[in-house]
Amino acid sequence: MTSPIRTERHDNVLVVISDNPPVNALGQAVRAGLKDAIEEAMSDDGIEAVVIRCDGRTFFAGADITEFGKPPVGPNLPETLDTMEASDKPVVAAIHGTALGGGCEVALACHYRVAVPSAKLGLPEVKLGLIPGAAGTQRLPRLVGAEAALPLVVGGNPISAKKAQGIGLVDEIVGEDSLEADAIAFAKSKIGQPVPRASEGTANEDGVRDPDLFDRFRASQARKIRGFDAPNAAIEAVKAAGTMSYAEGVKKERELFTELMSGTQSAAMRHYFFAERAANKIDDVPKDTPLIPIEKVGVIGAGTMGGGISMNFLSAGIPVTILEMSQDALDRGTGTMRKNYENTAKKGRMTADQVEQAMGLLTPTLSYDDLADCDLVIEAVYESMDVKKEVFGKLDEVVKQGAILASNTSYLDVNEIAAATQRPGYVVGMHFFSPANIMKLLEVVRGEKTRGDVLATVMKLSKTIGKVAAVSGVCPGFIGNRMLSKRQGQANALIMEGANYWEVDEVLLDFGFPMGPFQMGDLAGIDIGWHRDPSKVTTVREALCAVGRFGQKAGKGFYDYDEARQRTPSDEVKQIIADFAAKEGKEQREISKNEIRERLLYPMVNEGAKILEEGMAQRASDIDVVWINGYGWPLYTGGPMFWAQTIGLDTIVEGLEKHGLPVSNYLRERAAGSGNFD
């Protein structure tokens, strides 16, 4: 087998080149080749400097994740990097593309780093529930200081070459088209000089002089890192770089890394890493299916959802024609879109020019005829089957043949909608989540007659507009809302039986959700779908609406809210619930948090099992993708289906039976068999 590492001599400089597509992952053959090449350079008196670069589109973009969990085969990355750093001849990393994770650690072990302007560097291991494991947490602070290292190690987001140069991670920025030549020239300029080793750096003393630095940083990141183990371990590792010798710090890093690697959070986050990629694959649609070009998009409805959907395409540089029924509604909707863009610009996330560029791609209209030449039209109108069928009938008459017609429905039958057209094969569900310009999930609903090229085009397009997509079959609520309805049903039942509604919310907050069902109701507005008749009260929600408790916007819903929208439980609501429970003859009792958690979450898993049994989801991991990206299920548990496997499917079955709740045959079979869904 040909080695992915080769060497070329340029006078007295040995250039070590990795060619391991697609991202030059640091697998065993790459590590061995690097170590051999460095040893070759060290033993050759004619070689006075080394340059390490990569072929293809990127520098080393990280470890080979497929090796995780498998028996190690040497040399490991720390051994290779120690060999590299120990060289007395200057070793220069020539960086293009991304130097991420182990790739950044390779660069740190080199004595110098040069990079092209478009390069990015980072240590994203926390996104897999880990920390760097090849001395990255020890070399980086010693090179750039603890204050500069913490955001990189704890946040995991890459930085530009320019910013890397600003903190001392990159020594020189070189030409995009002359990386190798410039790196060789740089290496030659360092021959004969003592080599600087990151492991011997002293920049980490900033954390010694200011020991409160770590607590301040932890406090500033509290909301982002709540519940996650890896970020706290990362802070501890960077702190060790200032309180321990390099050798002791490396040992501490290894202990923390090993503990995380064997824990459930990293397993869950690695599961999600692969799940997101698997969700893009449609089992019966060939990978090489020709796609339908999408050069212009139409959106029907300029309300909150239609405006948000439009912004996704405008931000991606795709022109949008947005249709409304009245000029007032059209002006209001486009005005809100502009305001949203301007608020983003105020936060520094886009420039004023980019705002104008995006809005310049928008064509507002009151006429269906202006949608005729669109390649994709998405309706975001009122959630009524009659209304949607009427809209699709008009689209079928007006929009060119071969264009995709999509519904943003969150619940309705896409097959019935498609039947209102003469082109059901070109009809698909595109269920965006609110706010549509921010939320990452796109549930792509595949109708019985949806064509393969339509499905493949929408899945590819989802990436273009920055969404994470998962395919669902046609069933009430699709994947996400179908499972949510089971949780909401139990939440409502629990408060009738004696559980306090704020305790129900607290259980989900403790589990890792950003909010509970009653907080969510207050945020969305309790009056959504209310019949507006205060004398007609058949549910708790109707009773709250009857007394003006519409949610946060009214200052009171399930909770009372102060001016800062801080919530406190309401005595009035507690009495309303108690009255309803008495009227229904529900006996009140103490309900433990454990019972609340089981009754909220276990029925969701059972419904997920039914979704799999019916073929409404291709794989269990697709359900995890939906719930993590659309509903705030905590990433560090891997999603509802992976979490269920972690605690044991038999545990789920026993819990459902204990609480007198239904258990699907599919769940029973899986629990009794492999204990896994896939």
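Buried, in what follows, means under 20% relative accessible area, with exposed over 50% and partly exposed in between (1.4 Å probe, protein chains only). The model is predicted: local features need pLDDT of at least 70, side-chain atom pairs count only at pLDDT 80 or more, and totals for chains, interfaces and linings use all residues. Residues are numbered from 1 along each chain as its sequence is written, and side-chain values use heavy atoms, leaving out hydrogens and water.

I begin with strand 17. Strands (E, at least two residues) and helices (H or I, at least four) are DSSP runs, numbered from the N terminus. Five of the five residues of strand 17 (residues 468-472) are buried, so the strand is largely enclosed by the rest of the structure. Val-468, Ala-470 and Ser-472 point one way, whereas Ala-469 and Val-471 point the other way. In a regular strand the side chains alternate between the two faces of the sheet.

What is the sense of pairing between strand 16 and strand 17? Strand 16 (residues 441-445) pairs with strand 17 in the parallel sense, over five bridges; pairing requires that DSSP find at least two bridges between two strands. Leu-441 has Val-468 as its bridge partner in strand 17.

I turn now to Asp-624, in helix 26 (residues 620-630). Asp-624 is buried yet has no salt bridge, and the nearest side chain of opposite charge, Arg-619, is 11 Å away. A salt bridge here is a side-chain nitrogen of Lys or Arg within 4 Å of a carboxyl oxygen of Asp or Glu; Lys and Arg count as positive and Asp and Glu as negative, while His and the chain ends are not counted. The side chain of Asp-624 does reach the backbone nitrogen of Phe-642, at 3.3 Å.

Conventions. A polar contact is a pair of N or O atoms within 3.5 Å; within protein, one must be able to donate a hydrogen and the other to accept it, and residues adjacent in sequence count only if both atoms are side-chain atoms.
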